[in-house]
Amino acid sequence: DFQNVGFIGLGNMGSHMAFNLLKAGHSLCVYDRSDAAMQFLAKQGASQAKSPHELAEQSDVIISMLPASSHVEEVYTGANGLLSEVQGIRPSLLIDCSTIDPQTSRDLATKVGHCKLSRNARHIGSEVPIMLDAPVSGGVGGAAAASLTFMVGGPQIGLNAALHLLHIMGKRVVYCGGAGNGSAAKICNNLAMAISMAGVSEGLALGQRLGLDAQTLSDIFNTSSARCWSSDTYNPVPGLMDDVPASRNYKGGFSCQLLSKDLGLALTAAKETGISVPLTLQVHELYSNLCKAGYNNEDFSSIFQHFYKGEAL
Ligand code: NAD
């Protein structure tokens, strides 16, 4: 079992995930480029590092939860990064939970594998340190309630070693295959989710224009062939469901900005693999426009309000 857990990236998601590890009794060292972000965890008993490198020197496992590919690259390979020590890193396992480009996950996993044998790698059954990509679904609520789903890519022995920690932060762990496959699963999920949200919004907006009540039409969707998560769990029409962002002015959900980033990752991956993704292209443009119009921080279901209801776009 891991004695010293290092955690990097204490934002909306990471702060809850790190807190859950602390509550479970793990000794935790944290790093975030924002001092303010570290204060909360420090008050709860976590120690603080001054750089990713210092964190690596004190941890046998590192978990990161950062905004985008460039931040993860910087934390791993930048000056004072996790991999900057020539004698090799001390952690045997590095788990990146950020939603990033699958190719970046694969490149970093290769670099981690080329590091010299760490003090502890044999203890997880490996000759070299292992990196896993383990992005999550479940949002801020899931991070707080420790009910996240992890989509994991990397060697199976790495997953075996990580399972205990992942189950402290989440409920479900799905093994997706080799390095980068967790990241790939996450961006594919989010592109399908974005398209379904736009589709449900489009159907409901047209229905309303034709004189249908949004509740009646949603009930039909939810018991007919249009049924999906965007309609029956996360309905975008204000007031139809309790406890969804649409019923609290689209606050406290998954932001248009983050979704737009994920759709950009899907477009890059599609280009790299030579597949045409016309719907992703279109929905990415819709979300980019929402961001340009100033709705970056609103929940992504606000596409119903701003686009289809013709407010402000
Ligand atoms: P966030 O912006 O709230 O938090 C990111 C944290 O990383 C911040 O505290 C920031 O200071 C820190 N950071 C950035 N660059 C850093 C660096 N170089 N070194 C150290 N710290 C650095 O983001 P979030 O909402 O917590 O999301 C994190 C990741 O999880 C993203 O990839 C996002 O797509 C994904 N995700 C988010 C949600 C959600 O609902 N918010 C759901 C699923 C997945």
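The crossing of helices H11 and H12 is left-handed (the near helix is turned anticlockwise from the far one by less than a right angle; clockwise would be right-handed). This is a predicted model: local features need pLDDT of at least 70, side-chain atom pairs count only at pLDDT 80 or more, and totals for chains, interfaces and linings use all residues. Residues are numbered from 1 along each chain as its sequence is written.

**The helix pair.** H11 spans residues 256-273 and H12 spans residues 278-295 (helices are DSSP runs of H or I with at least four residues, strands are E runs of at least two, and both are numbered from the N terminus). They pack at an angle of about 150°, with axes 9 Å apart (axes are lines fitted to C-alpha atoms, for helices over the stretch in contact, and angles run from 0 to 180 degrees between N-to-C directions). On the H11 side, the contact includes Leu 259, Leu 263 and Leu 267. H12 answers with residues including Leu 281, Tyr 287 and Leu 290 (contact means C-beta atoms, placed from the backbone, within 7 Å). Twelve of the residues in this contact are nonpolar, six are polar and none is charged (nonpolar: Ala, Val, Leu, Ile, Met, Phe, Trp, Tyr, Cys and Pro; charged: Asp, Glu, Lys and Arg; polar: the others, Gly among them).

**The ligand shell.** The ligand is surrounded by 26 residues (C-beta atom, placed from the backbone, within 6 Å of the molecule). Closest are Gly 9, Gly 11, Asn 12, Met 13 and Thr 99. Helix H4 (69-77), strand E7 (136-137) and helix H6 (139-144) each give two or more residues to the shell. H4 gives the most, with three. By class, the shell holds 13 nonpolar, ten polar and three charged residues.

**The domains.** The chain is assigned a domain 1 (4-178) and a domain 2 (185-308) (bounds come from an automatic or database domain assignment). Ten residues of domain 1 and eleven of domain 2 take part in the contact between them. The domain 1 side has five nonpolar residues, four polar and one charged. Taken over C-alpha atoms, the domain centres lie 30 Å apart.

**Helix H1.** How many of the ten residues of H1 are buried? Seven are, so this helix (residues 14-23) is largely enclosed by the rest of the structure (buried means 20 or more other C-beta atoms within 10 Å of the residue's own, exposed 12 or fewer, partly exposed in between, with C-beta atoms placed from the backbone). The buried set is Gly 14, Ser 15, His 16, Met 17, Ala 18, Phe 19 and Leu 21. These residues pack against strand E1 (4-8), strand E2 (27-31), helix H2 (35-43), H6 and helix H7 (156-169). Just after H1, Gly 25 takes a positive phi of about 100°.

**Leu 132.** This residue sits in strand E6 (residues 130-133). Leu 132 counts as buried because it has 26 C-beta neighbours inside 10 Å. Leaving aside neighbours within four places in sequence, Leu 132 contacts Ile 95, Val 152, Gly 153, Gly 154, Gly 158, Leu 159 and Ala 162. Gly 211 lies 79 residues from Leu 132 along the chain, and their C-alpha atoms are 51 Å apart.

Definitions and conventions
Two residues are in contact if their C-beta atoms, placed from the backbone, lie within 7 Å.
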